[in-house]
Amino acid sequence: MIFIIAQIVALIAWIFFLISYFGKNVNKVIILQVISDIFYCINYLLLGAISGLFVTIFDLIKEIGYYKTDKDKYIFYFTIPIYILIAFYSEKSFLMIIPIIASIIDGYAVIKSKKAIVIGAVVSNFLWLIYDLFYLDYIVAGTDLTVIIVNIGILLYGYSKFIRRDYIYTLNRKNISLTTLKRICSLDKDYYDKVYCWNLDYMTNLYKKEKDSYILIKDKNTIIGYVNLLNIKKDVYDKMLESDTLYDNFNLDDIINYSNSRVNYYLNLNSIVLKNEYQNKNSSMKIKNAIIKYINKEEKKGYKIKEINSYAVNDYEVEILERLGFEKVKNITNECFLYRLVR
């Protein structure tokens with residue numbers, strides 16, 4: 001009966017673990033894996049797999065630390081001596097070192113990027129597969145194999161898009177259709193957590209107020225991402241810099257039109273969205289250059305861009321902003337950071 005219960009618990013753990021790889025950002029991945037680890041702890045406890053239990057408990061604590069703070073790198077380095085202690089007090093055989101190695105690989109992947117998490121999952125789950133088969137933990141072994149296959153599929157799908165990197169292009173257009181705005185809204189829902197998404201009506205009203213605000217990113221005729229830049233009043237800009245909370249619910253009066261009567265302009269780089277499978281160094285450079293071209297275009301018209309700010313809520317936005325020379329102003333949350341560029 002205990003063996004059967006352990007398999008059922010393992011199945012529940014696997015469901016949460018598998019779902020985690022479809023999280024919209026690293027924090028979403030982590031919270032789902034925390035839930036998964038709780039069930040895996042119960043599973044290994046029921047089967048008497050001591051090193052697996054110790055490692056999973058420690059993984060649970062580590063992932064909560066990842067989720068609650070932005071000190072992921074320091075947390076990972078701190079875990080190394082703890083893993084050594086777990087190895088020392090666990091069963092004395094080379095096989096028992098396997099879950100420790102697997103956990104170190106997972107921990108390192110989390111502090112790198114979402115793509116690294118997927119690659120790390122393939123390697124670490126292969127190691128867990130060997131360990132779980134030794135303990136006849138067939139459900140968990142089966143889930144290990146499934147996670148390996150699914151993540152290899154994710155990597156192959158991403159690679160199929162990666163080899164199309166030279167076909168990606170950017171387009172700055174004033175007049176975009178309602179269909180395009182709907183596509184942008186859809187990308188937001190896939191890419192951002194709900195708290196960071198605008199609804200279609202709000203997005204449309206802001207676009208009508210300032211039409212020269214979108215850079216579209218395309219693969220052939222398909223929109224795969226976009227950049228949104230808003231020309232905002234200086235007092236609103238200053239309020240964003242002073243606030244310790246996310247400020248992106250703009251009133252229509254907060255957005256201003258370009259006019260030669262103004263001396264300086266203050267922009268909010270509101271969104272940088274690109275489908276995950278297209279994210280690579282090549283696309284980053286194209287987006288960076290498109291933003292620079294947009295700014296230069298406005299300045300050639302006589303509009304001086306004084307400063308730009310931006311909230312980064314994922315690793316890719318951080319990468320683009322830092323390529324552009326933005327500097328971090330403050331942490332709004334452990335997954336949202338305010339950046340600023342003074343020109």
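Good morning. I begin with a helix pair: the crossing of α8 and α9 is right-handed, a crossing being right-handed if the near helix is turned clockwise from the far one by less than a right angle, and left-handed if anticlockwise. What we are viewing is a predicted model, in which local features need pLDDT of at least 70 and side-chain atom pairs count only at pLDDT 80 or more, while totals for chains, interfaces and linings use all residues. Residues are numbered from 1 along each chain as its sequence is written, and side-chain values use heavy atoms, with hydrogens and water left out.

Helix α8 covers residues 178-191 and helix α9 residues 200-209; their axes come within 10 Å and cross at roughly 125°. Helices here are DSSP runs (H or I, at least four residues), as are strands (E, at least two), numbered from the N terminus. Axes are lines fitted to C-alpha atoms, for helices over the stretch in contact, with angles from 0 to 180 degrees between N-to-C directions. The angle makes α8 oblique to α9, because angles under 35 degrees count as roughly parallel, over 145 as roughly antiparallel, 65 to 115 as roughly perpendicular and the rest as oblique. On the α8 side, the contact is made by Leu178, Leu181, Lys182, Ile184, Cys185 and Asp188, and on the α9 side by Leu200, Met203, Thr204 and Tyr207; contact means heavy atoms within 4.5 Å. By class, this contact has seven nonpolar, one polar and two charged residues. Ala, Val, Leu, Ile, Met, Phe, Trp, Tyr, Cys and Pro count as nonpolar, Asp, Glu, Lys and Arg as charged, and the others, Gly among them, as polar.

I turn to a second pair. The axes of α11 (residues 281-300) and α12 (residues 315-323) come within 10 Å and cross at roughly 55°, and the two helices are therefore oblique to each other. Their crossing is right-handed. Among the α11 residues that meet α12 are Lys281, Met285 and Ile291, and the α12 residues include Tyr316 and Arg323. That contact has five nonpolar, two polar and four charged residues.

Helix α11 also supplies five residues, the largest share, to the lining of the second largest pocket. This pocket holds about 160 Å³ of space, and Thr170, Asn172, Ile215, Lys293 and Tyr294 are among the residues lining it. Strand β1 (168-172) supplies at least two lining residues as well.

On a 1 Å grid over the protein atoms alone, a cavity is a set of points where a 1.4 Å probe fits but cannot get out, and a pocket is an open set with protein on both sides within 12 Å along at least five of seven lines; lining residues have an atom within 4 Å of a point. Points are joined across faces, edges and corners, and a volume is the space filled by probe spheres set on them.

How many cavities of 30 Å³ or more does the structure hold? There are four. The largest has a volume of about 250 Å³; of its 20 lining residues, Phe17, Asp37, Asp59, Asp106 and Trp128 are the closest to its centre. Helix α3 gives the largest share of that lining, five residues. The lining divides into seven nonpolar, six polar and seven charged residues.

The second largest cavity has a volume of about 170 Å³. Of its 14 lining residues, Tyr192, Tyr196, Asp248, Asn270 and Ser271 lie nearest its centre. Eight of the lining residues are nonpolar, three polar and three charged. Thank you.
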